[in-house]
Amino acid sequence: MITGIKGARVRRAVAAAVTTGAVLTTGALTAAPAQAVTKPSITAKGGFVMNNSTGKTLFDKSMDGRLSTGSTTKIMTAKVVLSQPNLNLDSTVVIQKAYSDYVVANNASQAHLIVGDKVSVRQLLYGLMLPSGCDAAYALADKFGSGTSRDARVKSFIGKMNSAATSLGLKNTHFDSFDGIGKGNNYSTPRDLTKIASSAMKNSTFRTVVNTRSTQQKATTKSGGYRYYTWTNTNPLLGTYSGAMGVKTGSGPEAGYCLVFAATRNGKTIIGAVLASTSPDNRLADAKKLLNYGFAV
């Protein structure tokens, strides 16, 4: 039996222990709230990011603002080619002088295709998407458009690009070129371009092509010999951002610096676009910021 002053001290110690235990128990059950992820600031005029599986918007900056797209246009070029019925990726195309004349006249990015060479449709897709070859884009438009003249076939192909945009429900996208060298009426938005890319990424060939850092392709020459084309992807995310899997760069006097991007981490795929950034470095920084944010939220 505990009595007197000594007993009082023991009772106070027991009470303190009980109180401390209650505090510790409460603390263990009530975790500190997670720190909010800060929405990033980007230099690009427009940006958009979504969860590719759910379609949920994760970031937007002027997401429906119409802007010039530069060579990100070629995402739709590839999508239209790959959606052709009974497509044979190994069918060949003979490179015409008109294709090389076109890139020279427009000082355009090119795959440096040689007149008379026979290249496959699959190889042209690599030449289109890796070095951003406007000559490859011209060859594909000529191949898959309809008409008795080259101009008619090209016009037909661009029509297919616009029909594809309409079928995706895009109201702020219009193409007047097969490669992004427009005539003043070639535009899209960060959200629309992301949706085009998301649709294109459903195709396994497209995914393989845009996720390729470099490739060497063997082509048959006019004389019956062969040559190798070596193409390196212009997408700076590949090899520098963990999980990056494409998609396409773009640039131009009107477009500024653009990048449509996608990456997968832990089963989550983020896809998005930045349009009209101020430099190649800022374009890359903007894309990485948005990817990081997309994975964090």
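At what angle do helix H2 and helix H4 pack, and how far apart are their axes? In this predicted model, local features need pLDDT of at least 70 and side-chain atom pairs count only at pLDDT 80 or more, whereas totals for chains, interfaces and linings use all residues. Residues are numbered from 1 along each chain as its sequence is written, and side-chain values use heavy atoms, without hydrogens and water.

Helix H2 (residues 74–82) packs against helix H4 (residues 121–129) at about 165°, with the axes 10 Å apart. Axes are lines fitted to C-alpha atoms, for helices over the stretch in contact, and angles run from 0 to 180 degrees between N-to-C directions. Helices (H or I, at least four residues) and strands (E, at least two) are DSSP runs, numbered from the N terminus. H2 and H4 are therefore roughly antiparallel (an angle over 145 degrees). In contact (heavy atoms within 4.5 Å) are Lys-74, Ile-75, Thr-77, Ala-78, Val-81 and Leu-82 of H2 with Val-121, Leu-125, Leu-128 and Met-129 of H4.

Strands E7 (residues 214–220) and E8 (residues 226–232) pair in the antiparallel sense over seven bridges; pairing requires at least two DSSP bridges. Gln-217 stands opposite Tyr-229 in E8. Five residues separate E7 from E8 in a hairpin, and Gly-224 in the turn has a positive phi of about 100°.

An open sheet of five strands has the order E2-E1-E11-E10-E9, with antiparallel pairing. Its edge strands, E2 (57–61) and E9 (244–252), each pair on one side only. The twist averages 5° from one strand to the next. E9 is joined to E10 (residues 256–265) by seven bridges, and Ala-244 has Ala-263 in E10 as its bridge partner.

Key: Angles under 35 degrees count as roughly parallel, over 145 as roughly antiparallel, 65 to 115 as roughly perpendicular and the rest as oblique. Buried means under 20% relative accessible area, exposed over 50%, partly exposed in between (1.4 Å probe, protein chains only).
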